[in-house]
Amino acid sequence: MEQKIIVMGADPSGYELKNAVKSHLQAKNYTIKDITESGPIGYCDVGDKVGAIISEHPEYIGFVFCGTGMGVSISANKHKNVYCGVCESVTTARFCKVINNCNMLAMGGLLITPFKANMMVDAYLSATFTQGFSEATPDDLQCGLQTMKEVEKRIYTD
């Protein structure tokens with residue numbers, strides 16, 4: 001399976017965590033596009049810039065980092081076709097892909113250790129939408145995503 005391009009960025013509170021995750025993924029030969037390679041920027045700008053790239057390139061994956069993960073997620077989710085989940089555990093990182101088919105993951109540098117973040121991105125990257133969730137059928141999960149896309153279509157065409 002071809003590895004996807006990963007786009008990432010961080011504000012000052014998430015910058016060290018972003019760099020740890022980036023190194024982890026580079027060691028696994030992922031292609032990284034780091035919008036904050038030269039230094040952190042504000043969390044709203046991180047979410048906006050990475051979200052815009054993911055919206056334009058749905059084949060990419062986004063990882064964004066701020067203090068809690070909330071601000072970058074809110075900003076990223078303003079973009080069409082962006083589904084950014086805030087995660088604080090390996091389980092939620094896996095489930096944001098399995099249940100919601102998130103194409104972005106947000107994490108908080110004030111809350112998560114580099115070791116845990118690396119486990120989280122590994123769980124996310126190895127997960128498959130609709131696979132491995134015993135509480136709903138794959139059809140139920142597909143239906144949920146379709147409903148979300150219909151809401152999004154309504155919002156962006158009104």
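1. Of the 158 residues in the chain, 46% are buried (buried means under 20% relative accessible area, exposed over 50%, and partly exposed in between, with a 1.4 Å probe and protein chains only). The chain exposes about 8200 Å², of which carbon and sulfur atoms supply 53%; accessible areas come from the Shrake-Rupley method with a 1.4 Å probe, and for residues only the protein chains shown count as cover.

2. The model is predicted: local features need pLDDT of at least 70 and side-chain atom pairs count only at pLDDT 80 or more, whereas totals for chains, interfaces and linings use all residues. Residues are numbered from 1 along each chain as its sequence is written, and side-chain values use heavy atoms, with hydrogens and water left out.

3. The chain contains 6 helices and 5 strands, arranged along the sequence as β-α-β-α-β-α-β-α-β-α-α. These elements are DSSP runs numbered from the N terminus (helices: H or I, at least four residues; strands: E, at least two). Among contacts with a separation of 6 or more, 69% are between residues 24 or more positions apart (contact: heavy atoms within 4.5 Å).

4. How many salt bridges does a search of the whole structure find? The search finds 4, a salt bridge being a side-chain nitrogen of Lys or Arg within 4 Å of a carboxyl oxygen of Asp or Glu.

5. One of these pairs is D34 with K18, whose closest N and O atoms are 2.6 Å apart. Because D34 lies in strand β2 (residues 32-34) and K18 in helix α1 (residues 15-27), this pair ties together parts 16 residues apart in sequence. Both partners are in the buried class: K18 has a relative accessible area of 0%, and D34 has 10%.

6. D34 also pairs with K22, with the closest N and O atoms 3.0 Å apart. K18, K22 and D34 are joined with E37 in a network of salt bridges.

7. A further salt bridge joins the side chains of D122 and K28 at 3.6 Å, N to O. The pair links distant parts of the chain, with D122 in helix α5 (residues 114-126) and K28 in the loop between α1 and β2, 94 residues apart. Both side chains belong to partly exposed residues: D122 has 25% relative accessibility and K28 has 38%.
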